[in-house]
Structures are given as structure tokens and as C-alpha cells.
Amino acid sequence: MAERSVLSIRDLAVQFRSEQGTVRALDGVSFDLRAGRTLGIVGESGCGKSVTARSILRLIDWPGRITGGQILLDPEEPQPTDLTALGPESRRMREVRGGRVGLIFQEPMTALSAHYTVGNQIIEAVLQHRDLSKADAKAQAIALLGEVGIPHPQRRIDAYPFELSGGLRQRVGIAMALAGDPDILIADEPTTALDVTTQAQILGLLQRLQREKGIALMLITHDMGVIAEMADEVAVMYLGRIVETAPVARLFAAPRHPYTRALLRAVPSILATPRQRLSTIGGAVPHPGLRPGGCSFHPRCAENLGERCRREVPAPVPLNEDGGASCFLAEDAA
Amino acid sequence: MNLLEVADLKKHFPIRAGLLRREVGQVRAVDGVSFHIAAGETLALVGESGCGKTTVSRCILRAQRATSGAIRFMPEDGRVVDLATIPKRELRPLRRHVQMIFQDPYASLNPRMMVGDIIAEPLKVNGVPAAERRARVLELLELVQLPASARTRFPHAFSGGQRQRIGIARALALNPRLVVADEPVSALDVSVQAQIINLLLDLQDRLRLSMLFVAHDLSVVRHVSDRVAVMYVGRMAEVAPTDALYRSPRHPYTEALLAAVPAPDPGRRGRRAPVAGEVADPARPPPGCAFHPRCPYAVDRCRVERPELREVEPGRWASCHRAQELSLAGVT
Amino acid sequence: MSTTALEPAALPTGDAAAEARYAQATQLQLTWWRFRRHKLALVSLVVVALFYGVAAFADFLAISDPHATDARRSFIPPQGIHLFDEGGFNPHVYGLKGVRDPRTFKLAYTPDPARKLPVRLFARGYSYHLFGLFETDIHLLGIEGGGRSDGIFLLGTDQLGRDLFSRMMVATRISLFIGLAGVTVSLLLGVILGGISGLYGGWVDTLIQRLIEVLRSIPTIPLWMGLAAALPNTWSVTQVYLAITVIISLIGWTELARVVRGRFLALREEDFVVAAELAGASQMRIILRHMLPSFASHVIAAVSLALPAMIVSETSLSFLGLGLRPPAISWGILLQDAQNIQVLAGAPWLLSAAVPVTVVILAFNFLGDGLRDAADPYG
């Protein structure tokens, strides 16, 4: 169970500044990514799941900035690297980006340029991280395209991104992310823009790659189905905090945070009975700039304890294997 | 007769090329689609991108003109019009009977109008007097569970889910016979999505609403629809009552589609093998059955002969040569 | 973060009153709230307003008759107003004294500290029509007593002895209003032709678009030169003024037409417009109620960016001697006086007419940018 941890996030805080005050996009987020395992991060809009991904890669743009915490690469080595201490454009950070941590986007077109062939872009990504001759890099690119299941890679390497279907583009996006042979892969809603049969193919591909390469995968999604299908461990986020972590089976069988419970009951299911109603969560996710005091979920929480939830912030989730919930109810039960 | 009967609907878009914009081919976005909607019934039109479901709904709303085929609609009892061919002048008074719920709750409300005016607009342009309009707006706000004070506020004050409620109130203002809902919950957060699904279920019960529910999310569809029509590359693959379709699909594409949906249950993991290949290009559909290159059950006949949609058992239609002999897996 | 639709800055701060205020704010208010945060644009708005204030009260602000020549006060350098005298507040200027240059024997007029002329507010001077209606001779500043040639010369005088400050005030009026008039004509042409183009599409659209392309492909300076040269010499200042306006707007409308057409095409596809159509709303109602208000703000922004171009056009035309001609006064004409390098070496203050041109154009550009950013609280 205790695979090597390759990336440890500790108390990460990210703030966005605006004239109306600071928006705390992330507020004390901690988790570990382990080799060969998939951490699913799930949450609704504004929960900070994408900000987390971007801060690991140091891609947070002004007016946002990391205001606290650590992002430790190789935390079990004697001298781990703290990515928050590196300059976003430093040489070391550029090596990490792509070389250690690959990123897969929701819409691969954002990672691909429309003006260059797929091959050009992958070859360039390969050369950035490896000292190869041009010919070797091309062979490597073709191998990568084959690896991600693109038919006729020798031919497709000369295609432009717009000539490819959404599914093939996402495969190219994955090949790009793999070009630097990273051992950590961050996939930010990798299948949200895809059709359901294509989604199934891409998820299968990610699983296969992870198995073959022992990659630590951080999968960001809003889809509980994708989580159930893919994740080993799950972190549920709400308004910039992790409210619950758990092994996937336990999360679905016995969720400990009221938000997780409510969310799971609100998800439409392909197994529903005809005209089956869903339980709902009242209200809507507030703007991250208007985070309620105390436990930020309390105004929507059906189980809230009143005064205490309004005033006090529950302790963050424990960092052990079994996870837990950041909720007074869970604390009291323990 | 049913409220709506679509018969052999076709919509072809020309592909033009060259300096003279000569037509060099056609995209058969919709290529002979037939289905019906009975009064009080919700039919879901599902399929992957490019299958033609949006084009079908646009033809019904006459946002696009069908190339051929009939869209027989019953605006009031005993009267039937063909929405595919009716002249524009006669169409306008009929518009009130077919209304739409949009996908994007941000784009579908005019940011410069107060919510009360937005909901009242269909009433106003159809000549409902001001006092009556006011009462009806309040009634509609209550129906979609928004406070009466929403009337004097602008859309920017509302969240995505609340805006979708406003859009629904507007669509219902004229008591339309048919509501076309185009992916009405796909832009919403999970927790809000559930609220809107429940609201639609409520409205179906209370108003005996007839609805064409265009969606790609098979989970949502299972909650809200009475029957499901599955489209693939411009043609109808299967039409069946919802529960029957999910339990025992009769078309291999339906089976593949159902298998691809990840269920929110880690215990079901690994049960499915994703269908191979990509959705065919509607500009160059494969010969025979468009699904045959991806179909694990395809036989020689499927490669040459195009299967027609036929009734495989009472109330169930499928366009598959082997519909009778295959036993396909559903989800239960 | 970018997925959230609300601007954090446009958010209510929590209390119910503020929230209700926000909820009931019209688009105009939202736009204003957003615009207000754009400090540079806000300052520019003030600057532009001041300029138009000057234009409206040009004669009132002018000190001496901008057309009155006086050989004796040719090329007087800028003079400050002395505020204190003998320990008390007593604003005054010096009178002029003729001094004969001992070498050239030319008589030059220079300020004479011995003669102090008190400066008064709301003094009487040359008579003019305020807003072209009320005849009056009250001016903001004036001197008491003094001879015919004495006066306040804040920016000095030109070769013919005309007070540059007064001329600048009057020039501001003509230069700014020619821009405004030009934009109005362009706006009409642009909205009508752009609207037709976007609304009907088809061959009408193609025709108008080709016309725009042809107009835009003609190099502007030669076109103006040609058109301006075609103006009859016998025309009065007013007629030339109008003609120049029309010439300038003939080019200016194309950009606005493009903006309008683009917005029309984009809006036709907007869901809320489709919704109105499905409700059975008439074409007229859709245009007036849904489409026009939605792009009015874009048009305003486009106008505020088109205005400086108009002003520069007038200035360059007049500077080249192709636009307005003396006795009309515009910034271009003032700068025309500064064409001669020898004159300029002796009287560099003549270049000061370039300052308002630069300032107003920068202000308009910042204002336009601010308006454009604020115009679409959702974009």
C-alpha cells in the first residue's frame, strides 16, 4: 500500500488579489502523490482543483500567487525540492515541468499550436528534455504517438492538430505530456470535452500508461463516475479546501463529510429507476471571494451544528492512509 | 395522432470549395430520421457529437429548414401542421406552442432586461395585457421556485442554476405544447444539476409537459425521460422506452454507449471494454451500417446493406440487421 | 477561477442593501462601476470633459480678440501673471514698452515692469455670441486700463500679434467639434450600412463589405488632398468646415460599420435573441429591444476611439494647408504657423498648439480603452 511518495503538497495557499480584496483560491491544501497510484481530485466550480494543478507547475498568473505552504518533489529523498521556492521561469522549474511533471489539458488545443504539425511539437518537447539527435527525436515522437494508440503514427506525425478528431487530439495531448518521460502526470478534466465512448478510450489509455510506467497520476474531474472508475484515493474539494480524503471504495461506501454525502446523492446515475428524483444541496457554490466564515460549507449543510460550524473552522483532513473528513461531526465520531 | 411526428427528416449541408463556391459534396447531418412524441411524454434524443441530434432539434424549432421529410405537429387538438414546410408568415403565430430551454444559462438571458421582463416577453409579444402578464410572471416564478422579488432584478444577480430556472419559466410562459430542452443541465455544477433535474420532473408531473430532451449524458437522461431515441451519424439507431433501453439495448451502438458511461460505483470498475474506433465522419459515412467499422457483431451484410429502422418488438425500434438474434448487455 | 462568471470586484460585499443594489443595477450602472475602477480612463474622461468645456466657452476664456492683429505686439514671449505686489494679493501684468534695437533699429515691444496693469475676473473685452446665441463681452480674465496693445499673453503672440492663448481656445472649439461632427456622420453611415449588412446578409452584405474594402485600400492622404483640392476657393469658412467634416467621415464610417456588422452577426446567434424569436417577437422588436442595447456600448467605445482619429485628420489636413484656411482657427492652422523653422527658432512658443492635440488624443484613447473594457461586464 505505502508506495513511494513522489510529491507532497503541504498547507498550500494561493490567493488572487483584486481591488475588492483577496480571494483565497486555495487555503491550506495538503496531499501526497504516490508512484503508480491515482489520486482523484473532485469538486465543483471554484473549489480550487485546477488552481492546485497550476500551482504545482508554477503556472499561476498574476494577480494570483502562492502565499504559503510547500510543494515538495521527492519528499522521501534526503533533499527534496520545494517547488514553491523556485522561480516560475527558472531553469530547474522548466526541467520539472514536462520532465518530472506532465500536464494533460481539458482541451488539448490549448497545449497545441495550430501552426505546427503534431510531429514538430512533440519532437520539440522531446528535445527539450532529452539530448537526442533530430532523427532519434522523430523516432521517439512516432513511438510516443503509437504508445498513446494513434493509428498510423508515421503518417499522423505530419498532421496539424485541427485535422484530428477530439479523441485523437487528446491522445496527442497525452503524447506531449509524456514527451519528457515524467513520473508524475496531472490530468485536468482530461475527458470533459470528449464524447462518452472516446472518454472511455482515453481513461483506459491513462490506466494502461500508468500501469506500464508506474506514474503517479493526479486526476482532476467533476465527474463522480470518472472518480469511481479511475481513482485509488480521492480528495474532495470545496471552496479552496480539501473537505475529505478517502480510499475510493470507502468514499463511495461510507462518505464522512456531509458535502461528500450530499454530492454523491445528487449525482445522476445511469442505474437510476425511471423518473427517480435526486437529493439536492440547497443554494449554489458561493463565489470564492465570498467564502462563508467558519466551515465554508455550513450555509448549505443539512447536518450543520449551528453556532459551532458558523464560528469555528474544522481541522484539516488527516494525512494518513485512511483519510478522513474536515468536519466536526467526523471529529466527534472519532 | 401524436403531438409530434417526425418522418424521414433529412438535413444536408452542402460542402463548398473553390473560388466559385461550387458544391463538391454534402454533409448528411440528418439522414432520414423518424420518431414521435406523444402528449405528456418526454423523449430524450441522445448521441455523441456530430450525430445530428442538435440539427434535428433546430429543424423542429425551424431555426433551420429541413432538406426533406415531414415534421407534423399538432398545435391544438384536431389541427396538424408540417413545421418543415409551413411558410414563415404562418409559422409565427405557431411559435408559441414550441418553446425552448437553452444549454447556457448565461447566454440565454438578455443581460439588459429585468427578470420579470424576460419572463413576460413571450406574453407581451403575444398580446397578453399588462395586468395578466404580471400575475402570470409571479405564478411562473413560484412554479420554478424563485422568490417574487426576482422580478425586479437583473440576470447578473443570479447563479447558473437560478438563471436556468428563469429560462425554464420563460419557456413555460405561453403554456407551450412542446418544450425542446437542449442540454439543459450540462453546463451546471453537480449539486445544481440535481435541483434542475428535480424541477423538470416536477413540471412534467404538474403540467403534463411534453418535452424533447436533447442530451449527451445518459445518466441524466435515465432520470428524466420516458423514452429514448439514440442517434448515430445522422440516423436513428434505436428508439425505446427508457428502462427497456437501459436494461436490454437492441442496437450494438446503444450497448457500447451504455458501457462507456462510468457509473459512480467503484465496485463496477473494469466491467466494460470500451468500443474501439472513432465516430464516423458524416461527410463520408461508411457504406452499409454506419456503425459497422466499430461494431463487434458486424457481419458481411452490415458492410453493404444499410439497415432500416424497424419495430423489433412492440414499442421498440432498432436499425440493426441482427437486432432479433443478438442478446446485448444493458446496465442494471 | 476563470470559470466563475462574476467579477470579484463587481460583487456585493455581503450586506443585504448592497446586494439588492447590485441585483437591481442596470447595465449602465454596472458599466459605470467597472469604468470607475479604470483610473487612467477616469482621469481621461475628466480631461476630455474639460476640453469640451473649453470648446463650449472658448470666447469666454479667450482674453483678446483672436482675429485682431497688431504689428506692435508681434512675437511677444509668454507672460506670466504676477500675483503679488507690495506684499498684498494684487494680480497684474506688465504693460508693453517699445524699445528700439540699437543695431537693427527695429522697434521691438517688450514688457515694462514699471507699468503694472491689474488683472480682473469677468472683465469686459471684445464682444461675441455665447453658444452662438447671447451677445456679451464678458471674459474670464481681462486687464483694467492700459493701451490698445496691452494685454495678457499667457502663451505669447504670433507674428501678426494675435494672442496665442486666445487663439488656442477658439481653435479647440473648431477642432473638437469637427471631430464630433465627423463622428456623428460616420456613426450614421456606419450604423445604417453596417446594420443593413449584418441584418440582411447575402449580396447586400457582400456589396457593402467590398465597398468598405475599396475605401480602406485608398491611401488616405492623397484622397483627402484630392477631395480638399476640389473644394471651390470661393467657399466660405463654414462651407469649407462642413465639407472637411464630410470628407473625413467618408473614410471614418468604415471602421464603425465593421463593428456594427460584427456585433449584429454575433448577436443574431446569441441564445437570448433566438429565445425572443422563438417567443414570436417581431424582427423590429428583436432589433430594438435586444440587439441595439447590446451593442450600444460597443459603438460608444468605437466612437471614442474614432474621435481622436478625426481630430488628427483635421489637424493634419489643415497643417498641410488642405483643410481649413485662415481666417478659420484650428489646431492645424495654429501649427501651420509653426512650419517655418526660422520663425520657430525665434518664437518656440508657437509650437504649444501641439500640446492640446497630444493631450486630447491620448485622453480619448485611454477613455476609449476604458469604455471598451467596461462595456461588457460579462466579456
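User: How many residues does the contact take from chain A and from chain B?

Analyst: It takes 39 residues from chain A and 39 residues from chain B, where two residues are in contact if their C-beta atoms, placed from the backbone, lie within 7 Å. A heads-up: this is a predicted model, where local features need pLDDT of at least 70, side-chain atom pairs count only at pLDDT 80 or more, and totals for chains, interfaces and linings use all residues. Residues are numbered from 1 along each chain as its sequence is written, and chains are lettered from A in the order in which they are written.

User: Why is Met1(B) called partly exposed?

Analyst: Met1(B) has 13 other C-beta atoms within 10 Å. A residue is buried if 20 or more other C-beta atoms lie within 10 Å of its own, exposed if 12 or fewer, and partly exposed in between, with C-beta atoms placed from the backbone. So Met1(B), with 13, counts as partly exposed.

User: Where does Met1(B) lie, and what is it in contact with?

Analyst: Met1(B) lies in the segment before β1 (4-17) of chain B. Leaving aside neighbours within four places in sequence, Met1(B) is in contact with Met74(B) and Val80(B).

Methods:
Helix = DSSP H or I, 4+ residues; strand = E, 2+ residues; numbered from the N terminus.
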